[in-house]
Amino acid sequence: MSQNVISQPLEAQQSFARAVVESLPGLLLVCAVALVASFVAPKLEAYPLFKTYLSLKDFILAIIFGIIIRNTVGVPAVFQPGLRYSTIMTKTGIVIMGSSYSLAGLVSVGAQALVFIAVFLFGTALVMMWLCRKVGMSTPLAACLAAGMSVCGVSATIAIAPAVKAKNEDMAYSIAVVLMFGLLALIAFPLIGKMFNLTPEQFGAFAGVGIVNSAQVLAAGFGFSQEAGIVAGIYNIGRVVFLPFVVLMLAIMAAAQEAEQGNEVAKINKWQMIRDKFPLFVLGFLAIVCLNTAGVLSKPEVKMAKHFMEWAFLLGFASIGLTTRLSDLRAAGLNGFLFGFGVAGLKAALALAAVLIFMS
Amino acid sequence: MSFFKSLSKSRRQDAIVVFLGFAVITLAKFLA
């Protein structure tokens, strides 16, 4: 018995050490891609094309370089274990981002952001459910697509899938459409921002509402400017806070549609769904905002924290690029992309109009 | 440790992320 008690922590330590060693090659590859991106980005600025029109900051380059490596030479199996930390790195960056805000600053940006997000998020989800029904899509696929296009491509699709009994193909379709739109948006949004002469606040709001994948929102925002990136980050936090409520709404709508068609419907535990899907890491962000408001962090410390935040994002984005297989994005097919891009493009155009009207 | 193991995968990830965030802020305080 006592031997068993001693051997359990030992086994845990050994498996932790094994996981660290296995992850090292992949993490080194992620660091190398991030370093190359941060080295190349300032060099590109020397050319008028990249300085004036096609702004490719290190955040966007890290994703692009990662995708190129993954889809040309490929990533050998030895690197794979170290590539699974993209979400942890990006979310850690968001928690650190709390040091860039005081409570007053957060309320001034956040209050407007919450209104914008709520209107676009619930509006997109409702319109998508209605539109998908009109074109004869199955209810689970419609719910996946509505969640993916309104809240967040990957996490919202994964969150809604079990509640509406979606198939793997439904999830793959939704994720493919959202990620592909986001990849094009990474290049197109900064160009549009320059064309319309958007301020950092306007661009942050435009990216935060128009793009739905968290990493892509942040990359596009920071690709425009650091201030725009931080505003886009606030919009991104607002969106993920709404995730459980949108998932619940879509699950109820999908259940009503299924019941209408005479199909069997599982009971929905509303409180449990909201509790399980709530993104608790946002509380870490808020705690650091409170520390900063209380004066715990000095200006040089905030500057240093910003530096770490940028690297957390850069590493996360490089990791996302290295795990993006363009062949997976074929799941949606041409018609799927046309349908998804039509809706996402319309949403982006409305977001741009709203930003120009209400934030000028 | 057993409490940590009893959490769901996404909750564990949230806990790690918050811990790392605070660790980085502490590091920034030392280095600045």
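In the predicted model, chain A has a radius of gyration of 21 Å, which agrees with the value near 21 Å that a compact globule of 360 residues would have. Along the principal axes, the C-alpha atoms of chain A occupy a box of roughly 70 × 60 × 50 Å. The secondary structure of chain A consists of 15 helices, with zero strands. Of the 360 residues in chain A, 46% are buried. When contacts in chain A between residues at least 6 apart in sequence are considered, 80% of them link residues at least 24 apart.

Chain B contains a span, residues 12–31, that an unreviewed UniProt entry annotates as "transmembrane region". In the model, residues 12–31 of chain B are 100% helix and 0% strand.

Confidence values were examined for chain B and for the model as a whole. Chain B has a mean pLDDT of 86, and 88% of the residues of chain B reach 70 or more. Where pLDDT is low, predicted coordinates should not be read in detail. The scores for the model are ipTM 0.92 and pTM 0.82.

Definitions and conventions:
Residues numbered from 1 in each chain as written. Chains lettered and ligands numbered in written order. Predicted model: local features only at pLDDT ≥ 70, side-chain atom pairs only at ≥ 80, totals over all residues. UniProt positions renumbered as here; feature names shortened; annotations may be inferred. Helix = DSSP H or I, 4+ residues; strand = E, 2+ residues; numbered from the N terminus. Rg over C-alpha atoms; globule rule 2.2 N^0.38 Å. Buried ≥ 20, exposed ≤ 12 C-beta atoms within 10 Å, placed from the backbone. Contact = placed C-beta atoms within 7 Å. pLDDT = per-residue confidence, 0-100.
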